[in-house]
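Please look over the arrangement of strands and helices in the structure shown here. The report that comes after it is concerned with how these elements are placed against one another.

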Amino acid sequence: MAGWKSHGLALLNWFYPKKCLLCQKSLSYLERQHLCHFCVTEIERLEQCRDAFVYSYGPFKESLRELIHFFKYKGLDYLSKELALFLYKIWQENPSLQTCEILLPVPLHSATLRERGYNQSQLLALQLQSYIRAERKENNPQILEETLLRVKNSPSQTQGTKEQRKLNLEGTFLLKEKDRIRGKEVLLIDDVITTGSTLSSCRELLLLAGAKKVLGLTLARD
Ligand SMILES: [Zn+2]
């Protein structure tokens, strides 16, 4: 049996050669779908994964930055499966994330969503949820869609003082169905945290609506 199995794999590799997105090395069918084992283990991790209320996997540079770029701007939506594994690792290591009942992806404005075709944070949240489901029989976090909306297309929040950024974001997000948030522990999901102003303004809205606790989880910290 084992012999046939390895013959089968060899044949698959022969007919459908796949390459690692980062180093172009040929992938075996036992590796991840688009990244080789070496490149995955080479991705640098943050020494302190928590900063204020937000947990992140690695610094926003090199391979991780490249992968996020592919994921967001090159249409490689299928990378959510591999990238969400990094979020899942952080989730597994930090019990305070495991009590969150709601996963809330940071929304895109409808114009950006139309242009990109998908919300990268939502894909990450869906994948993370499926990894958690595979591990737990009950108490799985729920994803709320159409609850938090981005109603204003504000410019990128990388410039200006903290006060200016906060002012720029005023009225950007709208929270509907507040009763679904009240008393709940919420985990905001995003790809990258830069100044933190986006996540902070979402958090503020959720706390105002009566959320019990609001944390954030991102792939990278810039
Ligand atoms: Zn590689």
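What follows describes a predicted model, beginning with the sheet and going on to the helices.

## The sheet

Six strands form an open sheet in the order β3-β4-β10-β9-β5-β6, and the pairing within it is mixed. The edges are taken by β3 (50-51) and β6 (142-143), each of which has a single partner strand, so one side of each is left without a neighbour in the sheet.

Helix α4 (residues 80-93) lies across β4 and β10 (213-221), and runs at about 135° to β10. Helix α9 also packs on the sheet, where it touches β4, β9 (185-193) and β10, and its direction makes about 165° with that of β9.

## The pair α8 and α9

Helix α9 (residues 197-208) has a helix partner in α8 (residues 162-169), the axes of the two coming within 10 Å and crossing at roughly 60°. Because of this angle, α8 is oblique to α9, and the crossing of the two helices is right-handed.

On the α8 side the contact is made by R165, K166 and L169, while α9 contributes S197, T198 and S201. Sorted by class, the residues in this contact of α8 with α9 are one nonpolar, three polar and two charged.

Technical notes. Residues are numbered from 1 along each chain as its sequence is written. This is a predicted model: local features need pLDDT of at least 70, side-chain atom pairs count only at pLDDT 80 or more; totals for chains, interfaces and linings use all residues. Axes are lines fitted to C-alpha atoms, for helices over the stretch in contact, and angles run from 0 to 180 degrees between N-to-C directions. Helices (H or I, at least four residues) and strands (E, at least two) are DSSP runs, numbered from the N terminus. Angles under 35 degrees count as roughly parallel, over 145 as roughly antiparallel, 65 to 115 as roughly perpendicular and the rest as oblique. A crossing is left-handed if the near helix is turned anticlockwise from the far one by less than a right angle, and right-handed if clockwise. Two residues are in contact if their C-beta atoms, placed from the backbone, lie within 7 Å. Ala, Val, Leu, Ile, Met, Phe, Trp, Tyr, Cys and Pro count as nonpolar, Asp, Glu, Lys and Arg as charged, and the others, Gly among them, as polar. Two strands pair if DSSP finds at least two bridges between them.
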